[in-house]
Amino acid sequence: MISRYALATAALLAFATPSMAGQTMAPEGANVYIVSPAHGAQVSSPVTVVFGLDGMGVAPAGVEKDKTGHHHLLINTGMPALDEPIPSDEKHRHFGGGQTQVTIELPPGEHTLQLLVGDHNHVPHKPPIASQQITITVK
Ligand SMILES: [Cu+2]
């Protein structure tokens with residue numbers, strides 16, 4: 001006999017996991033990378049960051065199309081939670097219009113940059129399609 005409590009717990013667990021099921025599978029061989037600047041580069045602000053993507057296409061946010069996603073630039077931060085929408089703030093920039101580069105203002109000093117592809121719901125693919133994190137120095 002199943003108690004009411006057990007049923008309630010099962011229902012909660014069912015609600016706790018759908019974000020995993022909501023992740024889009026990464027296309028095989030998909031690869032994202034920062035074309036420029038190069039890792040270790042000394043640059044002047046504003047900095048133009050060029051995004052590279054192989055093995056899949058770019059589609060605007062909200063457009064559900066097989067083997068596509070849009071870019072997110074992580075600035076001076078690590079990887080966010082991978083099973084939910086990527087935050088949208090100064091450190092997590094979305095390119096939901098399908099942009100493949102951006103020019104950003106950065107203060108002098110060291111900064112890290114990393115690209116992370118998100119699906120039409122801004123959720124990283126499974127497994128995540130992320131570039132190497134690079135470090136640049138703004139003069
Ligand atoms: Cu996004």
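Q: What does the secondary structure of the protein chain come to?
A: Two helices and nine strands. This is a predicted model, by the way.

Q: What pattern does the chain follow along the sequence?
A: It reads α-α-β-β-β-β-β-β-β-β-β.

Q: How much of the chain is buried?
A: Buried residues make up 20% of the 139 residues.

Q: And what share of the contacts comes from residues 24 or more positions apart?
A: They account for 66% of the contacts with a separation of 6 or more.

Q: How many bridges join strand 3 to strand 7?
A: Four, and the two strands run antiparallel. Within that pairing, threonine 48 stands opposite threonine 103 in strand 7.

Q: Staying there, where is phenylalanine 51 found?
A: In strand 3.

Q: Is phenylalanine 51 buried or exposed?
A: Phenylalanine 51 is buried, because 22 other C-beta atoms lie within 10 Å, and the cut-off for buried is 20 or more.

Q: What is phenylalanine 51 in contact with, leaving aside neighbours within four places in sequence?
A: Ile34, Val35, His71, Thr100, Gln101 and Leu115.

Q: How many residues apart in sequence are phenylalanine 51 and threonine 100?
A: They are 49 residues apart in sequence. In space they are 5.2 Å apart, C-alpha to C-alpha.

Q: Switching to histidine 72. Which strand does it lie in?
A: Strand 5, residues 68–75.

Q: Buried or exposed, for histidine 72?
A: Histidine 72 is buried, with 24 other C-beta atoms within 10 Å.

Q: What does histidine 72 touch, not counting residues up to four places away?
A: Ile86, His92, Arg93, His94, Phe95, Leu115, Leu116 and Gly118. Leu115 is also among the contacts of phenylalanine 51.

Q: And how many residues apart in sequence are histidine 72 and alanine 130?
A: They are 58 residues apart in sequence and 9.3 Å apart in space, C-alpha to C-alpha.

Q: Now the backbone. What kind of peptide bond joins serine 45 and proline 46?
A: A cis peptide bond, with omega about 0°. Proline 46 lies in the loop between strand 2 (42–43) and strand 3 (47–54).

Q: What about lysine 126 and proline 127?
A: A cis peptide bond joins them, and omega is about -10°. Proline 127 lies in the loop between strand 8 (109–118) and strand 9 (134–138).

Q: What is the phi of asparagine 76?
A: Positive, about 55°, although asparagine 76 is not a glycine. It is found in the loop between strand 5 and strand 6 (92–94). Asparagine 76 is partly exposed, with 14 other C-beta atoms within 10 Å.

Q: And the phi of histidine 122?
A: About 70°, positive, and histidine 122 is not a glycine either.

Q: Where does histidine 122 have its place?
A: In the loop between strand 8 and strand 9. Histidine 122 is partly exposed, with 19 other C-beta atoms within 10 Å.

Terms used: Residues are numbered from 1 along each chain as its sequence is written. This is a predicted model: local features need pLDDT of at least 70, side-chain atom pairs count only at pLDDT 80 or more; totals for chains, interfaces and linings use all residues. A residue is buried if 20 or more other C-beta atoms lie within 10 Å of its own, exposed if 12 or fewer, and partly exposed in between; C-beta atoms are placed from the backbone. Two residues are in contact if their C-beta atoms, placed from the backbone, lie within 7 Å. Two strands pair if DSSP finds at least two bridges between them.
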